[in-house]
Amino acid sequence: EPGAEYWLNVSFRLKEDTSWAKKGHIIAKEQFKLPIEVSKNILTLDNMDTLSHNETEKNLVVTGNNFNVIFNKEKGSLDSFVVNGKELIEKPLIPNYWRAPNDNDKGNGAEERLATWKFAGKNAKVVDFKVTSADSKAVRVDVKLEIPTTIPSTLDLQYIVFGNGEIKVTNTLYTSKDLPEIPEFGMMMELPSKYEKVTWYGRGPEENYVDRKTGYDVGVYSDNVENFFFPYIDPSETGNRIDNRWVTLTTNGNSGLFVSGVDNTIEFNALHYTPEELSSGKRHPVDLVKTENVVLRINGKQQGVGGDDSWGATPHDEYQIKAGE
């Protein structure tokens, strides 16, 4: 089947009840990705509806069949995405490089050592904003942003709006190698609270991270945003999912936002808390202030959670995001 992947899931289960587990309990399992190469369905501009766009001093508005998109020229952000009259964005799509420190992060001084990344995406400044149209079927927006790290960094951010309503987003971050490792590399936005149902094709069903994933098979899973939050005694990062081909956030599965990786898999997290709130220093989960919005983080990668010890060890090098390009 074009575009499909094929997996073999093998499990060993108890044939009868025992004193320690019931019949059917899984005692061992493994998942194998089958080496089956299939073709992909490719869309071309010929298949797209036409677009129009209008530029003002502050905004760029791209209008298509049953949708329109608004970009903020002063901030370089995607501010609005209205489809069939329904707004998908409550707070703009912006770069994000911060995740709430966990106990292991706090033990190795990450809160202070990596602090330059905490508000770096939110405080980015537009250096250049350029608009290009392709045969009235696509509009390309190239934004250059200065990222205010202790040694200034640069982000090349590209959006392409296609006539079928898809928006392709590409990030390239250029930083000094003298900067500390990056907690996560991606973007963040907030959706209206009604987009509460999450369905994803990746690892699950529980939270998983680049160095804590082997117990989580790839599959299609569904849950509500409310359940992505795990109440660790000391509030911290929670809810991540990795190796995702796609994720949807919908109203009862009917309409909403579809996100997928183009060349690579993506990581994502959907919560009723921002990373800043989770790292605000509040002592217990009950003290946290929830937002009604759905806080969606779409990442190329988040660093690992570590755990060799909780008093100095960082995640292993291969699970870090080193500064550079």
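1. In this predicted model, strand β11, which covers residues 153-162, is joined to β12 by eight bridges, and the two strands run antiparallel. Within this pairing, Val-161 stands opposite Ile-167, a residue of β12.

2. The pair belongs to an open sheet of four strands, whose order is β9-β10-β11-β12 and whose pairing is antiparallel. At its edges lie β9, residues 125-134, and β12, residues 167-174, each of which pairs on one side only. On average, neighbouring strands of this sheet are turned by 15° against each other, if direction is ignored.

3. As for the secondary structure of the whole protein, the model contains three helices and 20 strands, and the four strands β9, β10, β11 and β12 described above form the open sheet.

4. On overall dimensions, the C-alpha trace spans about 70 × 50 × 35 Å along its principal axes. The radius of gyration of the protein is 21 Å, which agrees with the value near 20 Å that a compact globule would have, because the chain counts 325 residues.

5. Turning to contacts, among those in the protein with a separation of 6 or more, 60% are accounted for by residues 24 or more positions apart.

6. As regards burial, 45% of the 325 residues count as buried, where buried stands for under 20% relative accessible area. The protein exposes about 17000 Å², and carbon and sulfur atoms supply 49% of that area.

Note on methods. Residues numbered from 1 in each chain as written. Predicted model: local features only at pLDDT ≥ 70, side-chain atom pairs only at ≥ 80, totals over all residues. Heavy atoms only, no water. Pairing = 2+ DSSP bridges. Axes fitted to C-alpha atoms, helices over the stretch in contact; angles between N-to-C directions. Rg over C-alpha atoms; globule rule 2.2 N^0.38 Å. Buried < 20%, exposed > 50% of the residue type's maximum accessible area, 1.4 Å probe, protein only. Contact = heavy atoms within 4.5 Å. Areas by Shrake-Rupley, 256 points an atom, 1.4 Å probe, with all protein chains shown as cover.
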